[in-house]
Amino acid sequence: MSNPLPIQFHATDLELLSGHTGRISVLADAGAALSPAGRRLDRLMKGALARAVASDAFSKARPGDSLELAFPAGLAADAVQIVRLPKRADIATARKAGGTIGRTHGAAATLILGESHPRAADLAFGVAMRAYEFTAHKSGEKKVLGPVTMMVAAPEAVAKQAAPMAAVAEGVFFTRDLVNEPANVLTTHDFAARLAAMHELGLHVEILEEPELLKLGMNALLGVGMGSESPSKVVVMQWNGGKKGDAPFALVGKGVVFDSGGISIKPAGGMEEMTMDMGGAGVVAGVMRTLAMRQAKVNVVGLVGLVENMPDGRAQRPGDVVRSMKGDTIEVINTDAEGRLVLADVLWYAQERFKPVGMINLATLTGAIIVALGHENTGVFSNSDNLCNAFLKAAAAEGEGAWRMPMGDGYDAKLKSRIADIVNSCGRDGGAITAAQFLARFVKPETPWCHLDIAGTALLKSDTALAPKGATGWGVMALDRLIRDRYEKG
Ligand code: BES
Ligand code: MN
Ligand code: ZN
């Protein structure tokens with residue numbers, strides 16, 4: 001993990017600017033005048049900057065994109081990158097502009113002329129987010145992020161604005177690292193150990209082992225892990241920064257460290273991607289880390305079910321019937337519909353023990369949500385318009401795609417089983433919705449609840465504005481904002 005927001009804020013300094021030997025990024029907008037420092041830089045460049053800003057090419061650049069001038073005359077710098085950022089840019093555009101800088105800069109020192117741009121801190125956040133790299137398993141020399149300095153009119157004020165953003169970046173990077181990690185490294189044991197280490201940040205972390213889970217009656221969860229050499233675990237992380245005795249908000253995550261499909265085994269092509277099937281648990285862990293890092297004044301509990309779904313002589317079979325902690329029996333039609341079995345027990349446990357004021361679960365639950373929404377939006381399912389709308393609003397403010405999906409009795413009726421109370425799989429049609437209906441069976445009517453199906457958004461095959469290809473950390477920013485805006489006091 002790289003150091004989040006490794007950015008120094010500095011007052012504008014012409015000497016530093018003219019002697020800088022790395023890269024210089026200048027914020028400018030087409031059709032607008034250059035900033036004061038921009039004008040000074042332009043004078044050193046004998047007018048080349050102003051000409052570039054007035055050029056056709058720059059006017060065609062979209063907000064957040066850039067134009068590059070290599071080895072500019074009159075400067076010691078290797079390159080001047082002109083980043084198009086309107087003065088009134090929203091948060092997402094400012095972050096995208098930062099992402100453009102974070103993507104293009106290598107080990108060379110980067111100097112950003114931020115001056116009095118109102119979104120300077122958001123831009124800095126974007127630089128850090130996009131500069132993330134997962135290098136844990138790369139041999140040889142590792143690229144290091146060159147130092148980044150941002151010249152701003154009020155360095156202390158911007159640094160103060162950026163401080164809580166560093167906590168968010170820490171959380172997102174923690175999630176990305178977990179999701180990028182292969183399953184031979186991130187076993188249930190290793191995952192739990194990384195969560196336990198967050199004790200240092202002031203989180204209260206408990207690990208429930210198999211004998212305890214058996215005693216609690218979590219047979220739906222335990223059935224999934226029977227074919228694996230890695231023991232199943234439930235990890236409970238509590239952040240109690242709010243009033244003592246106030247019921248917490250609950251986050252619940254699917255943590256399948258590898259999903260082979262079990263006896264209903266998946267085809268070989270693409271199976272390697274199923275190392276990301278703990279993505280829901282990864283996001284829960286990332287949010288808990290952010291809350292602790294920024295000392296949030298709120299009570300939140302994060303619970304994750306950590307299991308591995310493998311075929312074996314001891315593995316669960318299609319046709320098996322298991323009794324969930326709630327008491328409902330489940331006919332396991334397909335051992336590859338395992339995430340809902342894990343969540344059924346963890347959702348129930350979360351409500352029984354904590355009586356949360358609200359509950360959101362995240363899971364890479366279905367391929368069907370990718371068919372429905374692609375990779376742009378997470379599928380949102382809810383029993384509460386209130387909580388759902390608040391979440392959608394937070395996600396929109398953070399630029400994280402989220403789209404509400406329908407639920408209803410007609411879908412629930414598909415869960416009927418011949419020999420048990422419900423089945424865990426009922427065909428392809430509306431597969432993401434019937435999966436959500438299954439989870440809803442384990443949500444008490446008094447608990448406002450959202451289910452986020454992140455199968456299409458947790459890991460991407462191509463780069464985005466704020467992340468290189470691989471794990472995105474989708475949801476950490478939106479959930480942190482939801483908690484801040486809706487549940488935090490003071
Ligand atoms: N982990 C998968 C869902 C998934 C698919 C996540 C693609 C990320 C990318 C889940 O456990 C699964 O296998 N779901 C099945 C359910 C079916 C058997 C009812 C699916 O979507 O095919
Ligand atoms: Mn599966
Ligand atoms: Zn799965």
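Keep in mind as you read that the model is predicted.

## Where ligand 1 sits

Let's start with the space that holds the ligand. Ligand 1 takes up the largest pocket. Around ligand 1 there are 17 residues, and those that come nearest are K266, D277, D336, E338 and G367.

What kinds of residues make up this shell? Seven of the shell residues are charged, while five are polar and five are nonpolar.

Now look at individual atoms. D277, one of the residues that come nearest to ligand 1, has an N or O atom in its side chain 2.8 Å from a nitrogen atom of the ligand.

How much of the ligand does the protein bury? On its own, ligand 1 exposes 520 Å², and the protein buries 80% of that area.

## The cysteines

How many disulfides does a search of the whole structure find? The search finds zero. Take C450 as an example: the nearest cysteine sulfur belongs to C388 and is 4.7 Å away. A disulfide needs two cysteine sulfur atoms within 2.5 Å, so C450 is in no disulfide.

Is C450 buried or exposed? C450 has a relative accessible area of 0%, so this cysteine is buried. C426 has a relative accessibility of 24%, so it counts as partly exposed.

Definitions and conventions:
Residues numbered from 1 in each chain as written. Chains lettered and ligands numbered in written order. Predicted model: local features only at pLDDT ≥ 70, side-chain atom pairs only at ≥ 80, totals over all residues. Heavy atoms only, no water. Near = heavy atom within 4 Å. Polar contact = N/O pair within 3.5 Å; in protein donor to acceptor, adjacent residues only side chain to side chain. Areas by Shrake-Rupley, 256 points an atom, 1.4 Å probe, with all protein chains shown as cover. 1 Å grid on protein atoms, 1.4 Å probe; cavity = no way out; pocket = protein on both sides within 12 Å on 5 of 7 lines; lining within 4 Å. Sits in = over half its atoms within 2 Å of the grid points. Nonpolar A, V, L, I, M, F, W, Y, C, P; charged D, E, K, R; others polar. Buried < 20%, exposed > 50% of the residue type's maximum accessible area, 1.4 Å probe, protein only.
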